[in-house]
Amino acid sequence: NWPARLVAMRSVELLAFLIIPNALAPILFWAVLQFRRPFVRLCGGAKQACWCFFGLQAAVTCARAYGTKQYTGTPDWGTFEFGIPAVGYALIAAGIILNIFVYYRLGVCGVYYGSAFGVKMPWCTQWPYGPAGPLPGIPHPQYWGVFAQTLGVALHAGTVFALAFTLVTGIAYVVIVKVENHYFSEIDNERKKSAR
């Protein structure tokens, strides 16, 4: 029965897109932090490593963006009507603004693990990392920005697949934060030992 086989193949394709890009991101972050010294040597220095990591992360992001455009509108898993399109657009805009501020405050070396690679980075306490007037500081604002954008796209698309992709993206970022917390505490301990 070919129609049933095609539907099954389409479900496998959708499931693969749901899992693979969201699994690649934490693996990439883990590998770069786990092997940071060889990575810095391979790239030719700490600042170059930041730019190499930027390139790797940009490739993963482009693959995700292509897939997001390709698959979020698919009704294969069901659809829903959110009813307030402005909320989806507002979430997309808020996510973009958060990411712009992150890059503005930290630059490429701050966003792409310059501190882990050995670049002297000052600690950022300005918004979105610290409070500004009535605005509170946001932990991991870049990840919250991406999550807001993904949720906004899902609400706009109105598909169950897009919501599932948002959920799996959120889980991927929770894993990334845990990986970063582990390695950055390890890096801090190494620096404290070498300062003695």
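**A first look at the fold**

Tutor: Of the 196 residues in the protein, 37% are buried, where buried means under 20% relative accessible area, exposed over 50%, and partly exposed in between (1.4 Å probe, protein chains only). This is a predicted model, in which local features need pLDDT of at least 70 and side-chain atom pairs count only at pLDDT 80 or more, while totals for chains, interfaces and linings use all residues. Residues are numbered from 1 along each chain as its sequence is written, and side-chain values use heavy atoms, with hydrogens and water left out.

Student: OK, how many helices and strands does the protein have?

Tutor: Seven helices and zero strands, counting DSSP runs numbered from the N terminus (helices are H or I, at least four residues; strands are E, at least two). Along the sequence that reads α-α-α-α-α-α-α.

Student: And what does the C-alpha trace span along its principal axes?

Tutor: About 70 × 45 × 25 Å.

Student: What share of the contacts joins residues at least 24 apart?

Tutor: Taking contacts between residues at least 6 apart in sequence, 77%. Contact here means heavy atoms within 4.5 Å.

Student: Let's zoom in. Is Gln-57 buried or exposed?

Tutor: Gln-57 is buried, because its relative accessible area is 9%. You'll find Gln-57 in helix H3, residues 46-71.

Student: Which residues is Gln-57 in contact with?

Tutor: Leaving out neighbours within four places in sequence, Gln-57 contacts Leu-28, Phe-29 and Tyr-112.

Student: Switching topic: where does His-182 lie?

Tutor: In helix H7, which covers residues 160-195. His-182 counts as partly exposed because its relative accessible area is 43%.

Student: Which residues form the nonpolar patch on the surface?

Tutor: Leu-15, Ile-19, Trp-77 and Val-160, with about 320 Å² of accessible area together. Patches take residues with over 30% relative accessible area and no salt bridge, joining like charges within 9 Å and nonpolar side chains (Val, Leu, Ile, Met, Phe, Trp, Tyr) within 5 Å. A salt bridge is a side-chain nitrogen of Lys or Arg within 4 Å of a carboxyl oxygen of Asp or Glu. Areas come from the Shrake-Rupley method with a 1.4 Å probe, and for residues only the protein chains shown count as cover.

Student: Why does Val-160 count as partly exposed?

Tutor: Because its relative accessibility is 34%. Val-160 belongs to helix H7.
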